[in-house]
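Please study the sequence and the three-dimensional structure shown here, and then work through the exercises.

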Amino acid sequence: MKISTFKARDMREALNMVKEALGEDAVILSTRSVRDKVKGGSALGETFIEVTACPHSAQGGSVEPGSRPQNVPQPGRFSAVVDDQVEIPMSKGRLPEGYAQNTRAAKAGGKASVDVHSIKEGLRSLDRGEPSVPMGMGSDEVAGLDPESKRNYSWLLMHGVEEPIARKIIVSSKESGNSMENALKVGLQFRDPLSGKARVVALVGPTGVGKTTTLAKIAADLMLNRQRSVGMVTLDTFRVGAVAQLETYAKLLQVRLVVARSLSEVKAGLHSLNRCDFVLVDTVGSSPYNRRQVNSTAGLLPVMGDDREVILCMSANVRESEQHAIHRRFSVLNPTGLIFTKLDETVTYGGILNVAMKSGLALTMYTDGQRVPENLGWMSPKTLATWFTREQNMME
Ligand SMILES: Nc1nc2c(ncn2[C@@H]2O[C@H](COP(=O)(O)OP(=O)(O)O)[C@@H](O)[C@H]2O)c(=O)[nH]1
Ligand SMILES: [Mg+2]
């Protein structure tokens, strides 16, 4: 496949270059902002938009969630260019102004992969009457949708939901009504891990994502709102201060905390808490790129019983390629659900859907702040629909 990279001052200029070189039907594979280094020094110079594209004929059709198109570059292979994988046929549709520019957020520490400015622009174009038809609307499937579904599809794209996933969610919910809430209800799985069979709930995920804080919030919810007794086990004896942090919460909530360093200590700890309705397990945070760390946690989880819930915590504000790396690495722990943390630090929610659809995992809870126990909520189609269609947040 012939892949070309174009560098321009802004998105409009970049897209013109793509059209001129590869034709109207060209497919955008990724967009990102890059900053030139000032020659001879470390200072950063001007920011450019870098667009990677290929001719339409080279593109291999739609991608089912969970798979990757054979002939689309994989993250890493084109490390300099592939920031996220947005496939956007340029034909037949018009790009909402600024859509998918994916720039400033990346510049500000490489966090969310969609640019807030581009979303604002996209929203303004949505406001101008008929929902504008974003690139990607070329497919007959989407073109034949009612205006409400088209609008929902546009919202999803503007939040960075990958086009095949947005299409699947919207098209598969056609029969059951066209509200965003209905579409998400049909397309995704939602579950409350605290109302099933599981007694042991372990939180796993990268360092600093909010596992310990979230565990304390869950403990408080179980005790205060559901009148259940709780015990805690921490496997995180690795990080200095980690035990003390959980100890503080355990004291405040008046729950027993067991510190376990080995398999036998985990077994003994669970045994000593066997009268508790729930045992919440905090784990050591692992880098998604450190297989050994993740595997050491994997060795400790089986003693927690077959009915355990292992919830993978991910920060909603990390780059999407990172979110996928996190899911891949932590899949050895057989997670049973997802918690997205730090919702208060992002205004784009596409990554939540991308990860949920690709992993097939249920969405469970979210956190949107540091306050314990307040900043904990339950994922639901209604909540997500509100976020995806909330204009004021982005327009501020
Ligand atoms: N903004 C924000 N910060 C959070 C949230 N959850 C946790 N934090 C903060 O993230 C930092 C790391 O949290 P911690 O629970 O220690 O993460 P862990 O390493 O995964 O256990 C702490 O400063 C928390 O207060 C959240 O939802 N929003
Ligand atoms: Mg921790």
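The following exercises concern a predicted model, and each is followed by a worked solution.

**Exercise 1.** Determine how many residues surround ligand 1 and how they divide into nonpolar, polar and charged.

*Solution.* Begin with the count: ligand 1 is surrounded by 16 residues. Among these, G208, K211, T213, D344 and T367 are the closest. Next, sort the shell by class: two residues are nonpolar, nine are polar and five are charged. Finally, look for the element that supplies the largest share: helix α8, residues 211-225, contributes three residues.

**Exercise 2.** Identify polar contacts of ligand 1, and state what share of the ligand the protein buries.

*Solution.* A polar contact requires a pair of N or O atoms within 3.5 Å. First, take the oxygen atoms of the ligand. A polar backbone atom of G208 lies 2.8 Å from an oxygen atom of ligand 1. In T212, an N or O atom of the side chain is 2.8 Å from an oxygen atom of ligand 1. Then consider nitrogen: a nitrogen atom of ligand 1 is 2.9 Å from a polar side-chain atom of E345. Lastly, ligand 1 taken alone exposes 580 Å², of which the protein buries 83%.

**Exercise 3.** Is T346 buried or exposed?

*Solution.* First, locate the residue: T346 belongs to the loop between β10 (337-341) and α13 (350-359). The relative accessible area of T346 is 8%, and therefore T346 is buried, the cut-off being under 20%.

Conventions
Residues are numbered from 1 along each chain as its sequence is written. Chains are lettered from A and ligands numbered from 1 in the order in which they are written. This is a predicted model: local features need pLDDT of at least 70, side-chain atom pairs count only at pLDDT 80 or more; totals for chains, interfaces and linings use all residues. Side-chain values use heavy atoms; hydrogens and water are left out. A residue is near a molecule or strand if one of its heavy atoms lies within 4 Å of it. A polar contact is a pair of N or O atoms within 3.5 Å; within protein, one must be able to donate a hydrogen and the other to accept it, and residues adjacent in sequence count only if both atoms are side-chain atoms. Accessible areas come from the Shrake-Rupley method with a 1.4 Å probe; for residues, only the protein chains shown count as cover. Helices (H or I, at least four residues) and strands (E, at least two) are DSSP runs, numbered from the N terminus. Ala, Val, Leu, Ile, Met, Phe, Trp, Tyr, Cys and Pro count as nonpolar, Asp, Glu, Lys and Arg as charged, and the others, Gly among them, as polar. Buried means under 20% relative accessible area, exposed over 50%, partly exposed in between (1.4 Å probe, protein chains only).
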